[in-house]
Amino acid sequence: KNNLKKNRVNCNFYFKIGACRHGEKCNRIHNKPTISQTLLFKNLYQNPQTAIAIASGNKVSDEALQEALTHFENFYEDIFLELAKHGELLELNVCDNLGDHLIGNVYAKFSTEQEAEKALKALNGKYYNDKQVQCEYYPVTNFKECRCRQYEEGSCGRGGYCYFLHLKYVSKNFRKSLFQQMYAEHPEYGRRRSSERKKR
């Protein structure tokens, strides 16, 4: 048994995407980080039925589509501004996949590992919309490799059950407005950023 453990190799999916459909039952190694700039909030976003239908490739009415978008944007803004209280956010991504190990996952990348640690300590185990927050360090800091390119081109054949990340679309203007609000509410983040630029 010990030899088997020694000979186990890293799980490619966990290494690249930070998630594996086999979870703890996987026969490969999941090297979970002890610290990271990025946090994973497991299954935090509760997709409305319309959003699930869209992710499954079904057609919905324009009204239902707008309702699902409003629901998501309200959630995204709420979570963004809450996380920004603990540190400077660089990215906030929400999963559109339907697999149990990915559905509703939220990924928050902070400016520093210390800020991510502060957010984890403050929020893990708390409740959001009657759901207990499960937060852990996430191994991925560059989302380029783990995104599904086909999904972003509108043609993923696996649909919502793809193993790569389908990240929910956030408009540039909406994202920009949230970053502006973060820097307005936390001017210290902007001051630190300009101070770092001067040192280079």
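**Sheet**

I looked up β1 first: strand β1 (residues 38-41) pairs with β6 in the antiparallel sense, over four bridges. Two strands count as paired here if DSSP finds at least two bridges between them. Helices (H or I, at least four residues) and strands (E, at least two) are DSSP runs numbered from the N terminus. Within this pair, I find tyrosine 137 of β6 as the bridge partner of leucine 39.

I then traced the whole sheet, which is open, has four strands in the order β2-β3-β1-β6, and is antiparallel in its pairing. β2 (89-94) and β6 (135-138) are at the edges with a single partner strand each, so one side of each has no neighbour in the sheet. From one strand to the next, the twist averages 25°. Helix α4 (residues 62-83) packs on the sheet and touches β1, β2 and β3. The direction of α4 makes about 145° with that of β2; axes are lines fitted to C-alpha atoms, for helices over the stretch in contact, and angles run from 0 to 180 degrees between N-to-C directions.

**Model and confidence**

I note that this is a predicted model, in which local features need pLDDT of at least 70 and side-chain atom pairs count only at pLDDT 80 or more, while totals for chains, interfaces and linings use all residues. Residues are numbered from 1 along each chain as its sequence is written, and side-chain values use heavy atoms, with hydrogens and water left out.

The mean pLDDT (the predictor's confidence in each residue, from 0 to 100) is 90 for the protein, and 96% of the residues score at least 70. Confidence is lowest in helix α1 (residues 2-7), with a mean of 47, and highest in strand β3 (residues 106-110), at 98. Residues 1-5 have pLDDT below 50, and beyond near neighbours in sequence this stretch has zero contacts (heavy atoms within 4.5 Å) in the model.

**Lysine 168**

I placed lysine 168 in the loop between α6 (149-152) and α7 (172-185). Is lysine 168 buried or exposed? Lysine 168 is buried, at a relative accessible area of 14%; buried means under 20%, exposed over 50%, partly exposed in between (1.4 Å probe, protein chains only). Its side chain makes a polar contact with the side chain of asparagine 47, at 3.2 Å. A polar contact is a pair of N or O atoms within 3.5 Å; within protein, one must be able to donate a hydrogen and the other to accept it, and residues adjacent in sequence count only if both atoms are side-chain atoms. Lysine 168 also touches other residues, including Tyr45, Phe72 and Val94.

Key. Lists of a residue's contacts leave out its neighbours within four places in sequence.
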